[in-house]
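Student: Please take me through the terms used for this structure, and show how each value meets its definition.

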Amino acid sequence: MDTHTEKIQWQETWTEQLKQACPKAQVLTDQAELTVYENDGLGFHRYLPDCVIIVSHADEIASILKVAKNCGFPYTVRGAGTSLSGGPVALEGGLIIHLSRLNKVLEIKPDDMYCVVEPGLVLNRLNTYLKEYGLFYPPDPSSGFASTLGGNVAENAGGIRCFRYGVTANYVLGMEVIQQDGQLVRFGGPSAQGGSAGTFHWNSLMVGSEGTLGIITKIWLKLKPIPEKVWTFLAEYKDLQSCTKVINELVHMPTPPVAIEFIDNAVVQLVENSNMAVGIDKKSWVILTEIDGPAPLVDCRVEQVKQILQSYNAIKVSAEDDDEKRLKLWKARKVAGGLMGQLSPGLMIQDAVIPRAHLQEVLQYIYDLGDELDIPVLNVFHAGDGNLHPNFLFDDRVPEEMKNIKTLSNKLIAKVIELGGTLSGEHGLGNDKSCYLDQIFSAEEIDFQMSLLRALNINDQMNPGKIIPQRSFVGCCAPHKHERKA
Ligand SMILES: Cc1cc2nc3c(=O)[nH]c(=O)nc-3n(C[C@H](O)[C@H](O)[C@H](O)COP(=O)(O)OP(=O)(O)OC[C@H]3O[C@@H](n4cnc5c(N)ncnc54)[C@H](O)[C@@H]3O)c2cc1C
């Protein structure tokens, strides 16, 4: 029997075992169906899984892991697949465990201000449910309309409001996790609001672990009261320098804004030349900022914010407290991503974080590099917390352009590290950034981190190749290990 036939037979065996172990789950093996799972939000790193299982109940997961252990194939968990670092793709083939049907709100405790959710719940849905209790869950990645809370926790997602409210890690009180051996463990819980169990902080370890330390099946999340009053400001400037100075002033306010977003001139032109135009001066660069809190306390800060925004030759400053009008001010920011996606076949959203003082220097460096390599660069990002998200437009069917994107990314990361920044602001490392890990950690430090994975992720069966590039699934009893597909 040739190796291809052997492999097919082996896959059929474990697929059949999965169906028997989880009769209510949906098992996909058809090539057309599997293609849907071959990439994440990055689009251009494609790896076809051998099989996808859409779980209908959390209890099924332990049975799936038992089959995986017995048959020896790698597996990767997937929420909504909106990751921008290659996290939920089957880098070494095997199984994708899709959790989007585990999407219930299990409990809302308004008095204690927490809720319990399943990992497949879409973030914005949670806030819809919470509204009637006057509560909200603050972390707000721009993908909130699609991304799941399990994916948010696994990536430690940030977002627009995170400058003031903090990232996902600040809101995770506890979780249930199914370990590789099928055992269910619980870390933290509602009581984590005000104390410590006097043990290791496993929650912190799990947040941002990108599906490499276990499968999160239940999450306790801290909630906040919906602010009584919100003011949104949109300020237009004639250059980048004015914007970076304004950002610096805003972050130093005694009570800083909730959000500070930067939109560069290339994005302004894109929006204003589209049918989504909102009337921003086409020559301008934009800062969007927002303050919230009790009405009297917020209203009395409006003039101070306006003064800061006007102090660097602003072309125009708009301020709104009416919800509908506020949303209009946000429109350019919200539609930018979708419009960029229409400009070229490939779109790379890079992600890094730098000490804010270097913002202008790094942005200018990226624009110059883009010009040099003939790659359009557009910037729109959460500027308050030092995040950088340059968007590179290219055609992933043209090898020369792919090469240039790699060069641009490599040079950007080298610059970020030189200035004291680090590899990811909020999108995680996945398989896109893992190659840079040895630029910030020594071999000994990487090995130290691997020791944890060696204990909790035996043979690197869970999400191989992610975060630490040396992690490759070993001990596979497949007839032949999967070739990596470009
Ligand atoms: C248009 C757009 C805007 C975005 N804006 C932001 C932003 O502002 N801020 C930000 O931080 N990110 C942003 N992202 C990136 C992305 O949405 C986040 O990383 C998000 O947290 C991923 O959630 P997901 O449900 O799609 O997870 P997936 O992409 O499916 O998975 C992400 C990782 O989490 C793991 N995982 C998923 N579920 C579980 C689980 N239950 N247990 C263990 N591991 C699990 C996966 O294995 C994978 O490694 C954006 C993406 C897009 C496409």
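Tutor: Contact means heavy atoms within 4.5 Å. By that rule L309 touches F233, A235, Y237, V246, L250, I287, T289, A314 and V317, with residues up to four places away in sequence not counted. This is a predicted model, in which local features need pLDDT of at least 70 and side-chain atom pairs count only at pLDDT 80 or more, while totals for chains, interfaces and linings use all residues. Residues are numbered from 1 along each chain as its sequence is written, and side-chain values use heavy atoms, with hydrogens and water left out.

Student: Why are W10 and W14 called an edge-to-face aromatic pair?

Tutor: Rings of Phe, Tyr and Trp (its six-membered ring) pair if their centres lie within 6.5 Å; planes under 30 degrees apart count as stacked, over 60 as edge-to-face and the rest as tilted. The count by this rule comes to 10 aromatic pairs. For W10 and W14 the centres are 5.8 Å apart and the planes are at 70°, so the pair is edge-to-face.

Student: What separates W10 and W14 along helix α1?

Tutor: They are 4 residues apart in helix α1 (residues 3–21), which means about one helical turn. Helices (H or I, at least four residues) and strands (E, at least two) are DSSP runs, numbered from the N terminus.

Student: What makes F262 and F381 a tilted pair?

Tutor: Their centres lie 5.2 Å apart and their planes are at 45°, so the angle falls in neither the stacked nor the edge-to-face range. The pair links distant parts of the chain: F262 is in strand β13 (residues 259–263) and F381 in strand β18 (residues 377–382), 119 residues apart. Both F262 and F381 are buried (under 20% relative accessible area; exposed is over 50%, partly exposed in between; 1.4 Å probe, protein chains only).

Student: How do you know that K415 lies over the face of Y365?

Tutor: A charge sits over a ring if NZ of Lys or CZ of Arg is within 6 Å of the ring centre and within 35 degrees of the ring normal. K415 is at 5.0 Å from the ring centre of Y365. K222 also lies over a ring face, that of Y171, at 5.9 Å from the ring centre.
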